[in-house]
Amino acid sequence: MGTVAVRRWTRQQYEKMVEGGIFPPGERAELIDGEILAMTPQGSAHATAVRLTEEALRSAFGPGCDVRVQMPLALDPSSEPEPDVTVVPGSPRDYRDAHPASALLVVEVADTTLSYDRAQKGSLYARAGLREFWVVNLLDRRLEVHRDPIRQADAHYGWGYRTVEHYASGDSLFPLAAPQSRVAVADLLP
């Protein structure tokens, strides 16, 4: 009996598929470590949290940073996730010819995908060297802040975050890349 082979894709191949219209209109997908994954539909609480997070981070980071909502992040040759919210340096025109390859902050809003976002996406972001990754946890109504990427043999992609802190809705924090700006967790939650 033979083995089943998984076909892995590069980011370049994936982008050509997107440009070529391979995916039906409105279908959301992302490339994670060479695999093309369908993204789950968003409920209204999820969509509201994404918008609230976008507004809070736009205010916190201000001019000189682009707050992107569900747009590609070209992390490595085999990964192009579309985080719910990403903060990158510069302006939208800076990314006209290529998606950003790194970020100041990445945020995933999670309900049904909570364990996936923590384990797999978190490990992917740590492997890419992203200093800070947040999970707006809708199930427990809190913010999970992951900082300081390190190698972790037991993590999905061999990387994780040294520090994971949990903030309740009455708490606030300062993003690493905007230490002068306080973000209230309640502002992120629907």
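Predicted model: local features only at pLDDT ≥ 70, side-chain atom pairs only at ≥ 80, totals over all residues.
Residues are numbered from 1 along each chain as its sequence is written, and side-chain values use heavy atoms, with hydrogens and water left out.

1. Aromatic pairs. Rings of Phe, Tyr and Trp (the six-membered ring for Trp) pair if their centres lie within 6.5 Å, and planes under 30 degrees apart count as stacked, over 60 as edge-to-face and the rest as tilted. Y14 and F23 form a tilted pair, with 5.9 Å from centre to centre and 55° between the planes. Y14 is buried at a relative accessible area of 2%, where buried means under 20% relative accessible area, exposed over 50% and partly exposed in between, with a 1.4 Å probe and protein chains only. Y125, F133 and Y161 form one aromatic cluster.

2. Charges over rings. A charge sits over a ring if NZ of Lys or CZ of Arg is within 6 Å of the ring centre and within 35 degrees of the ring normal. R7 lies over the face of W9, at 4.0 Å from the ring centre, and the charged end of R127 sits over the ring of Y157, 5.0 Å from its centre.

3. The nonpolar cores. A nonpolar core is a set of buried Ala, Val, Leu, Ile, Met, Phe, Trp, Tyr and Cys residues joined through side-chain atoms within 4.5 Å. The largest has 24 residues, and those with the most contacts inside it are L57, W134, V136 and L143. Two or more residues of this core come from each of α2 (44–61), β4 (85–89), β5 (105–110), β6 (132–137) and β7 (142–151), and α2 gives the largest share, six residues. Helices (H or I, at least four residues) and strands (E, at least two) are DSSP runs, numbered from the N terminus. A second, separate core has 17 residues, including L75, V88, A110 and Y161. In soluble globular proteins, nonpolar side chains tend to be buried together.

4. Surroundings of V136. With neighbours within four places in sequence left aside, V136 is in contact (heavy atoms within 4.5 Å) with A49, T53, V107, E108, V109, A110, R142, L143, L188 and L189.

5. Helix α2. This helix has 18 residues and reaches 26 Å from its first C-alpha to its last, close to the 26 Å expected at 1.5 Å a residue, the expected span being 1.5 Å times one less than the number of residues. Its buried residues are H46, A49, V50, T53, E54, A56, L57, A60 and F61, and they pack against β3 (65–69), β4, β5, β6 and β10 (183–184). Just after α2, G62 takes a positive phi of about 65°.

6. Helix α3. Residues 114–127 form α3, whose 14 residues reach 19 Å from first C-alpha to last, close to the 20 Å expected. A kink of about 30° is centred on K121, the bend at a residue being the angle between axes fitted to the seven residues ending there and the seven starting there. K121 is also among the buried residues of α3, with L114, D117, G122, S123, L124, Y125 and A126. What covers these buried residues includes β1 (29–32), β5, β6, β7 and β8 (159–168). Just after α3, G129 has a positive phi of about 85°.

7. The loops on either side of α3. D111 is in the loop between β5 and α3 and is partly exposed, with a relative accessible area of 23%. D111 and H46 are 65 residues apart in sequence, yet 7.4 Å apart in space, C-alpha to C-alpha; leaving aside neighbours within four places in sequence, D111 is in contact with H46, L138 and L139. R131 lies in the loop between α3 and β6, and, not counting residues up to four places away in sequence, R131 touches H146, R147, D148, P149, Y161 and L176.

8. Most residues other than glycine have a negative phi. R141, in the loop between β6 and β7, has a positive phi of about 50° although it is not a glycine, and R141 is partly exposed at 42% relative accessible area. D148, in strand β7, has a positive phi near 65° and is partly exposed at 36%.
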